[in-house]
Amino acid sequence: MSDNKNNLIKMFTEEPKLLDVVNSNEHMAVLNILEQNSADFLNLKKDLLKYIYIKKDIILYNILESLIQKDLIKKIGVNENKVYYITEKGKKFINLYKDTKKEFEIW
């Protein structure tokens, strides 16, 4: 087994709720976007349209809160806006996922 896959499995073992993130196209799309650039809610919503359509804003807010609770993203206040960005843990998670997926052609 590769180191990437072992590390990803270790993350899942330590935090089983990360499996929910991997199994959600919406959560993964948000992580992919924030991996490239931090974004406020409106820009994030606009960028998501390239990947998926989210019918209601509350759904996106719930996804963001879920990712914050798992410490994969954070939000900060900037000029009366909330800006979301990926954490180091989030970067590690998304990179392990992408590398493992590429290496083993899974998920």
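**Aromatic pairs, a pocket and the overall fold**

F12 is buried, with a relative accessible area of 9%; buried means under 20%, exposed over 50% and partly exposed in between, using a 1.4 Å probe and protein chains only. The model is a predicted one, in which local features need pLDDT of at least 70 and side-chain atom pairs count only at pLDDT 80 or more, while totals for chains, interfaces and linings use all residues. Residues are numbered from 1 along each chain as its sequence is written, and side-chain values use heavy atoms, with hydrogens and water left out.

The protein chain has six helices and three strands, where helices (H or I, at least four residues) and strands (E, at least two) are DSSP runs numbered from the N terminus. In order from the N terminus, the elements run α-α-α-β-α-α-β-β-α. The C-alpha trace spans about 45 × 25 × 20 Å along its principal axes. Buried residues make up 37% of the 107 residues. Of the contacts between residues at least 6 apart in sequence, 52% join residues at least 24 apart, with contact meaning heavy atoms within 4.5 Å.

A pair of aromatic rings is described by the distance of the centres and the angle of the planes. Rings of Phe, Tyr and Trp (its six-membered ring) pair if their centres lie within 6.5 Å; planes under 30 degrees apart count as stacked, over 60 as edge-to-face and the rest as tilted. A search of the whole structure finds two such pairs. F12 and F93 form an edge-to-face pair, at 6.2 Å centre to centre and with 80 degrees between the planes. This pair links distant parts of the chain, 81 residues apart, with F12 in helix α1 and F93 in helix α6 (residues 88-104). F93 has 0% relative accessibility and so counts as buried.

The rings of F41 and Y61 have centres 4.1 Å apart and planes at 10 degrees, so this pair is stacked. F41 in helix α4 (residues 41-48) and Y61 in helix α5 (residues 57-69) are 20 residues apart, and their pair also links distant parts of the chain. F41 is buried at a relative accessible area of 8%, whereas Y61 is partly exposed at 37%.

Helix α1 (residues 3-14) also holds N7, which is partly exposed with a relative accessible area of 35%. The C-alpha atoms of N7 and I59 are separated by 30 Å.

H27 lies in helix α3 and counts as buried at 14% relative accessibility. Not counting residues up to four places away in sequence, H27 touches V21, I63, S66 and L67.

The largest pocket has a volume of about 160 Å³. On a 1 Å grid over the protein atoms alone, a pocket is an open set of points, where a 1.4 Å probe fits, with protein on both sides within 12 Å along at least five of seven lines; lining residues have an atom within 4 Å of a point. Grid points are joined across faces, edges and corners, and a volume is the space filled by probe spheres set on the points. The lining consists of V22, S24, N25, M28, A29, N32, Y97, K98 and K101.
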